[in-house]
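Good morning, colleagues. Please look at the structure on the screen while I describe how its parts are arranged.

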Amino acid sequence: MKKPKHPPAVRGEVLLCAPFGKDAEILTEIVSLEGLGVIHCPSLSELVRRFSEMTEFILLTEEALVSSSFLGFQRVLRKQERWSDVPIVLLASAGETALSWTTQFVSKLGADANISILERPVRVPTILSLV
């Protein structure tokens, strides 16, 4: 087999913060199907620590945001270069209470944040379409 003349393009990594249940395991399997490396961050503070220029996008469950590290998360997003704009995908519960909470989260991050909110349950093709 011939070696390619140019190495394949390097894809970035997904920072995944889904601290409860089997969400992290299932989401890792799904995102890995697209050839991205998934770094599971058990807490928002770990996600902030792991954030780098290789971060292609951030995948969070709403439970991850109930954290004292939220201000650090805001700071790391605001320090991005303007051209970077790492997308954030938030998996949220359905319902009026959840909508109110999610709206507060979005407003705290600011109007410039690149956020997609998906109500649970989310189907596999929907997640793959974001990758």
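Strand S1 (residues 13–17) runs parallel to strand S3, to which 5 bridges join it. Strands here are DSSP E runs of at least two residues, helices are H or I runs of at least four, and both are numbered from the N terminus; two strands pair if DSSP finds at least two bridges between them. This is a predicted model, in which local features need pLDDT of at least 70 and side-chain atom pairs count only at pLDDT 80 or more, while totals for chains, interfaces and linings use all residues. Residues are numbered from 1 along each chain as its sequence is written, and side-chain values use heavy atoms, leaving out hydrogens and water.

Leu59 of S3 is the bridge partner of Leu16, and Val89 in S4 is the bridge partner of Leu59. S3 and strand S4 (residues 88–92) also pair in the parallel sense, over 4 bridges.

How many of the 7 residues of strand S3 are buried? The number is 6, so S3 (residues 55–61) is largely enclosed by the rest of the structure. Buried means under 20% relative accessible area, exposed over 50%, and partly exposed in between, with a 1.4 Å probe and protein chains only.

I turn now to the nonpolar core, a set of buried Ala, Val, Leu, Ile, Met, Phe, Trp, Tyr and Cys residues joined through side-chain atoms within 4.5 Å. The largest one has 20 residues, of which Leu47, Ile58, Leu60 and Phe73 touch the most other members. Helix H3 gives the most to this core, with 4 residues.
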